[in-house]
Amino acid sequence: MKHFGLYGNVVLNDELYDRLKIESEEYADEYINRLDSHIEMHQLHKQYSAYAPNQFFIKIFDMLRRDGHVEV
């Protein structure tokens with residue numbers, strides 16, 4: 001598992017990160033940073049510390065899908 005984002009609050013393994021890059025190469029890192037910044041700004045460390053890597057993947061994928069950057 002690796003920590004991603006400017007603050008390192010997003011935890012993904014290589015496989016999940018690669019899947020995000022495949023689904024939305026152009027926006028994957030941007031949305032990882034958005035979630036990471038959201039966690040930091042709203043001090044949600046405790047809430048997200050219980051997240052498994054696949055939960056971070058689902059959260060980011062849903063954000064990308066919601067904004068039309070990936071197709072279901």
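Visitor: Is the crossing of helix 2 and helix 4 left-handed or right-handed?

Guide: The crossing is right-handed. A crossing counts as left-handed if the near helix is turned anticlockwise from the far one by less than a right angle, and as right-handed if clockwise. Please remember that this is a predicted model, where local features need pLDDT of at least 70, side-chain atom pairs count only at pLDDT 80 or more, and totals for chains, interfaces and linings use all residues. Residues are numbered from 1 along each chain as its sequence is written, and side-chain values use heavy atoms, leaving out hydrogens and water.

Visitor: At what angle do the axes of helix 2 and helix 4 cross?

Guide: Two packed helices are described by the angle between their axes and the distance between the axes. Here, helix 2 and helix 4 cross at roughly 115°, and their axes come within 10 Å. That makes helix 2 roughly perpendicular to helix 4 (65 to 115 degrees).

Visitor: Which residues of helix 2 and helix 4 make the contact?

Guide: Contact means heavy atoms within 4.5 Å. Helix 2 brings Tyr31, Ile32, Arg34, Leu35 and Ile39, while helix 4 brings Phe56, Lys59, Ile60, Met63 and Leu64.

Visitor: Which residues does isoleucine 60 touch?

Guide: Leaving aside residues up to four places away in sequence, isoleucine 60 touches Val10, Leu20, Tyr31, Ile32 and Leu35.

Visitor: How do helix 1 and helix 2 pack?

Guide: Helix 1 (residues 14–23) and helix 2 (residues 28–41) have axes 8 Å apart, at an angle of about 120°. That makes helix 1 oblique to helix 2. Tyr17, Leu20 and Lys21 of helix 1 meet Ala28, Asp29 and Ile32 of helix 2.

Note on methods: Axes fitted to C-alpha atoms, helices over the stretch in contact; angles between N-to-C directions. Helix = DSSP H or I, 4+ residues; strand = E, 2+ residues; numbered from the N terminus. Parallel < 35°, antiparallel > 145°, perpendicular 65-115°, else oblique.
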